[in-house]
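The points are grouped by topic.

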Amino acid sequence: MATLNINGKDMVVDADPATPLLWALRDTLGLSGTKFGCGAGLCGACTVHVDGVAVRSCTAPLSSVAGKKITTIEAVAADQVGQAVQDAWVAHDVAQCGYCQSGQIMSATALLKTNRKPSDADIDAAMAGNICRCGTYARVRSAIKAAASTLA
Amino acid sequence: MNFDPTLAALANQMPKGLLSIMEREQSAPKTVAHGGLPRRSFLKIGVASGFALGAFPLTAGAQAGAAAAAPVALKPFEQPSAFVRIDTDGTVTVTVNRLKFGQGVFTALPMILAEELDADWSQVRAIHGDADPAYVDPMFGMHLTGGSGSVKRSYMQYRELGARARAMLLAAAAQQWGGEPDSLRTEAGKVLRSDGKSISYGELAEAAMKMPVPTKVALKDPKNFTLIGKATTRLDAKAKSSGVQAFGIDVRLPGMLTAVVAHPPVFGARLKSVNDVAAKRVKGVKAVLRMPVDRGGEGVAVVAEGYWAAKQGRDALKLEWDTAAADKPDSAALLARYSEMAKTTGLVRFKADVSKLAKAPKRISAEYLFPYLAHAPMEPLNCTVQLTGQGADARANLWLGTQMPGFDGMAAAKVLGLPPQSVKVNVQMAGGGFGRRAVPTADYVVEACTVARQARAAGLDGPVRTLWSREDDIKGGYYRPMHVHRAEIGFDASGKVLAWDHVIVGQSITAGTPFEAFMIKDGIDSTAVEGMREPYDVPMRLSVHHPKVNVPVLWWRSVGSTHTAFVMETLIDEIARATKQDPVAYRLQLMGDQHPRHKAALQLAVDQSGYGKRTLPKGQAWGVAVHESFDTVVAYVVEASVSKGSPTLHAVTAGVHCNLAVNPKTIEAQVQGAALMGLGTCLPGAAITFKDGLVEQGNFGDYTVARIGDMPSIAVHIVPSADPPTGMGEPGLPPLAPAFANAIARLTGKTPRALPFKLA
């Protein structure tokens with residue numbers, strides 16, 4: 001049994017503390033916007049924010065996030081930076097299949113929260129852990145830059 | 001997937017398996033389509049109860065409350081009723097007869113229909129079609145998403161559907177106002193009269209339903225298109241940027257359990273012993289089921305509440321495998337075997353006199369290696385199965401992203417022992433596919449159905465979602481087959497090819513599948529040779545060996561062109577270098593007065609890149625390649641460098657000839673994405689290899705795919721054309737790796753002959 005603060009609400013999850021946050025979100029709480037891609041922290045599809053920091057939820061046990069503020073894709077737009085990123089994602093038509101985009105948006109938002117003027121290298125470094133098999137990276141870069149400029 | 005689009009009479013050659021799928025679909029009970037009601041009933045309700053539902057399907061069939069009233073000449077897939085619904089508020093809902101998995105068809109097909117309908121684009125929505133016969137590929141007569149053919153093969157279909165619906169709206173307006181439909185025009189969701197009066201499609205929808213469906217309609221002159229050709233943002237861009245878009249993996253049903261299956265370590269191996277004591281102790285585990293799996297093997301499914309418990313259960317299994325009888329592939333041994341085979345002439349595809357080789361003044365002798373590749377779509381494979389009823393009432397419902405729901409439904413029926421019409425496939429949005437969701441054996445569907453059947457037999461009545469881990473996916477087979485090519489080329493100092501002897505060695509993709517009947521000719525799988533010799537008129541003898549290996553293989557984005565384009569375009573470039581000719585000029589000269597689309601695409605890429613006019617920074621070189629696949633030509637001019645044995649691709653300029661560009665915004669995305677996937681095949685670690693029967697890779701840590709840092713700048717330019725559009729899902733992939741290789745060859749003097757690149 002763990003109490004998690006997700007998107008501003010306390011939620012009780014009846015699961016082993018070793019269970020990765022991803023599966024509590026998806027299978028227990030029905031928050032399926034966070035995606036399963038690799039189960040090993042290698043692809044970034046499951047990225048969420050824990051106290052504002054991008055975390056791979058597939059390798060984050062519940063015990064490591066209890067009592068912390070967890071934000072998922074479902075609530076990312078409640079925040080000014082997240083909203084700007086999401087708007088830029090739509091305006092730049094980033095998604096193809098769209099499966100990895102929750103994770104891309106969470107990583108991009110975490111980047112812009114700490115770095116309002118990211119360089120090309122900053123963007124590539126921050127997004128290096130997010131795989132997109134459709135190859136949307138060019139538009140990921142341009143959307144992040146556009147979001148940064150609207151926040152400036 | 002690849003199909004020869006020129007086989008117009010294909011339906012007549014359809015193998016029995018496909019015919020039975022079609023028969024099944026013809027006789028299938030009408031399935032759920034709109035708002036949870038059977039389509040036909042919904043239409044009737046729409047007519048009978050008027051505004052009660054607040055939605056009025058514009059329908060052919062419903063004009064007399066029955067499909068029989070539609071003109072006999074129109075087939076189900078020509079009926080506007082099945083494809084477009086106009087609500088009273090003017091919302092136009094277009095049903096898309098393809099799987100949406102990133103290629104943009106959920107926007108492109110509605111654009112095409114809306115163009116002829118003169119709909120207001122801001123009111124257009126899209127939904128997936130199901131396994132209803134209306135949604136077969138109009139050319140293949142089966143449910144199919146593949147061969148980069150969604151727009152290509154449904155372009156005229158969606159135009160005609162839009163035009164028919166528009167004609168019915170015009171007829172309704174004419175009746176309402178009095179007068180002839182010819183005196184009226186349409187624009188942005190309205191019918192307009194010459195005096196400026198207008199009436200919206202929403203207001204007309206109900207009356208339009210009562211109009212006869214015209215069998216013949218006039219289509220617009222493409223020069224009058226306002227929507228087709230306009231860079232248009234995807235209809236699903238918002239849903240896919242907010243976590244709202246659901247995929248197959250997101251299906252949640254009451255009481256649903258999740259299964260994870262332990263697969264044999266060697267394809268087809270069986271179990272010696274199963275110790276499931278610890279697995280059954282894992283909290284949430286409901287059952288451990290020993291079961292048959294793909295290729296005659298055995299496996300063990302752990303069924304549990306949620307994926308994590310199921311996976312913990314699987315990890316706790318103690319399994320002993322009997323691999324003695326299984327053929328154990330080994331990459332080093334396969335390479336040696338393939339290399340030997342490549343030295344002998346196989347089944348001959350192209351004949352040519354190769355006797356001039358011996359006396360040719362210049363020679364190239366080359367062996368190429370292409371490894372197995374996993375598709376690794378971001379959404380892991382999954383299929384949810386719900387079994388209900390007994391005896392004659394037994395039914396199966398499947399939810400999954402699939403490129404071939406008809407095949408999957410047939411395969412499910414067979415393994416479940418149900419009549420085909422008792423199986424319903426609910427097509428879900430897919431998180432990528434690249435061919436992995438178009439499996440002739442329906443491997444992961446059959447597995448999920450086996451799990452569901454055995455779970456039910458074990459007393460678990462709820463629906464079961466079988467979900468693969470990434471390791472299951474990477475190790476699970478159905479790879480792009482490994483290939484070895486061998487070329488002996490003789491040419492003169494002017495670059496004239498005197499003789500070219502070429503051998504391809506690789507497993508057949510379609511042998512033993514229902515596709516075999518029309519894709520294998522004279523023992524040669526057309527997917528292994530597509531793209532060879534094109535677009536150059538060279539005297540090539542091409543022969544093929546199809547060894548049998550215990551590795552399941554499958555089409556992988558752009559199929560045969562993943563290797564044939566590389567071989568053709570690097571060898572042609574090498575001849576140009578050996579004869580000190582410009583690689584662009586040499587190609588254009590070889591094409592002569594043929595291949596205008598190749599030339600136009602190549603010239604566009606050359607012009608836009610500044611090739612030959614701009615000096616690159618020191619240490620960089622140009623690379624060029626052009627290739628046609630799925631009727632679309634893509635040419636790349638790239639800029640690359642090599643530093644300490646490590647190549648980098650800096651910039652790519654694409655010239656694309658896909659005839660009419662329906663949605664340039666999607667085309668740009670498809671080319672950029674396909675180019676990156678092509679680049680991915682060049683990167684260290686982009687290979688599936690075997691050692692003593694075991695796959696050596698397991699996840700994205702050791703199976704390399706391209707990441708953001710690998711992405712070069714890619715500028716996409718499209719050759720203007722008004723001809724009917726050709727495919728875009730795959731053609732951007734094949735020419736990227738050879739263009740990169742050609743740049744590397746210019747820098748190092750040596751053509752990379754193996755993918756991924758090893759520049760030692």
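Two residues are in contact if their C-beta atoms, placed from the backbone, lie within 7 Å. This is a predicted model, in which local features need pLDDT of at least 70, side-chain atom pairs count only at pLDDT 80 or more, and totals for chains, interfaces and linings use all residues. Residues are numbered from 1 along each chain as its sequence is written, while chains are lettered from A and ligands numbered from 1 in the order in which they are written. Helices (H or I, at least four residues) and strands (E, at least two) are DSSP runs, numbered from the N terminus.

**Confidence**

- The predictor assigns the complex an ipTM of 0.98 and a pTM of 0.91.
- On the pLDDT scale (the predictor's confidence in each residue, from 0 to 100), chain B averages 89, and 90% of its residues score at least 70.
- Residues 1-70 of chain B have a pLDDT below 50, and this stretch has 129 contacts in the model beyond near neighbours in sequence.

**Surroundings of B:H485**

- B:H485 belongs to strand β20 (residues 483-491) of chain B.
- Leaving aside residues up to four places away in sequence, B:H485 touches B:Y368, B:H502, B:I504, B:H563 and B:V567.
- Is B:H485 buried or exposed? B:H485 is buried because 24 other C-beta atoms lie within 10 Å; the scheme calls a residue buried at 20 or more such atoms within 10 Å of its own C-beta, exposed at 12 or fewer, and partly exposed in between.
- A separation of 8.9 Å lies between the C-alpha atoms of B:H485 and B:Y338, which are 147 residues apart along the chain.

**The sheet of chain B**

- β14(B) pairs with strand β24 (residues 540-545) of chain B through 3 bridges in the antiparallel sense, and B:F350 stands opposite B:L542 in β24(B).

**Strands and domains of chain A**

- Strands β3 (residues 47-50) and β4 (residues 53-56) of chain A run antiparallel and are joined by 4 bridges, with A:V55 as the bridge partner of A:V48.
- β3(A) and β4(A) form a hairpin with 2 residues between them, and A:D51 in the turn has a positive phi of about 50 degrees.
- An automatic or database domain assignment supplies the domain bounds, and chain A is divided into domain 1 (2-73) and domain 2 (75-151).
- The C-alpha centres of domain 1 and domain 2 of chain A lie 20 Å apart.

**Interface between the chains**

- The contact takes 48 residues from chain B and 44 residues from chain A.
- On the side of chain B that touches chain A, α18(B) gives the most, with 6 residues.

Key. Pairing = 2+ DSSP bridges.
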